[in-house]
Amino acid sequence: MKTASIFKKITFQSLTRICFALFLITLSLSSANAERIESLQKNASITYEQMIQAKRSAETLAKDAAFAEKKLASLKQKLSAAEQEVEVTRRKAEQAKISMEQATNRWKQATDALANEWGKTEIK
């Protein structure tokens, strides 16, 4: 009987208030959920743009690295050629030094021989 008396006390107006309160609660939950979804979508969009920017940056740097490697290989090749040229020039310089020493020795011998001949002519 007590439950029947409770139901008798619930009027249409109080039932309307209860339904309206439930509607407001549901609406606020839906609104909060929609705001959360919107926030997550915005976050996903921002992180996607960051990912695309990072991808572009990585691709650009990879191209730069490949170019730098080619440049390094070219410079190494030029350095190797320059080192070979230096070695050839050193050998030629050493050979020229030896030739100069030999020529100097021959000149000294020739001048000594000439001096001897002059000395012989003066004595006579």
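Glu87 is partly exposed, with a relative accessible area of 34%; here buried means under 20%, exposed over 50% and partly exposed in between, with a 1.4 Å probe and protein chains only. The model is a predicted one, in which local features need pLDDT of at least 70 and side-chain atom pairs count only at pLDDT 80 or more, while totals for chains, interfaces and linings use all residues. Residues are numbered from 1 along each chain as its sequence is written, and side-chain values use heavy atoms, with hydrogens and water left out.

**Salt bridges**

- Two salt bridges are found in a search of the whole structure, the term meaning a side-chain nitrogen of Lys or Arg within 4 Å of a carboxyl oxygen of Asp or Glu.
- Glu87 pairs with Arg91 in a salt bridge at 3.7 Å, N to O.
- Arg91 counts as exposed, at 52% relative accessibility.
- Because Arg91 and Glu87 are four residues apart in helix H2, about one helical turn separates them; helices are DSSP runs (H or I, at least four residues), numbered from the N terminus.
- A salt bridge also joins the side chains of Glu117 and Lys120 (3.7 Å, N to O).
- Lys120 and Glu117 are three residues apart in helix H2, so about one helical turn lies between them.
- Lys120 is partly exposed at 49% relative accessible area, and Glu117 is partly exposed at 43%.

**Nonpolar surface**

- Ile18, Leu22 and Ile25 make a nonpolar surface patch of about 280 Å².
- Nonpolar patches join side chains of Val, Leu, Ile, Met, Phe, Trp or Tyr within 5 Å, from residues with over 30% relative accessible area and no salt bridge.
- Leu22 lies in helix H2, which covers residues 12-123.

Conventions
Patches are made of residues with over 30% relative accessible area and no salt bridge: like charges are joined within 9 Å, nonpolar side chains (Val, Leu, Ile, Met, Phe, Trp, Tyr) within 5 Å. Accessible areas come from the Shrake-Rupley method with a 1.4 Å probe; for residues, only the protein chains shown count as cover. Helices (H or I, at least four residues) and strands (E, at least two) are DSSP runs, numbered from the N terminus.
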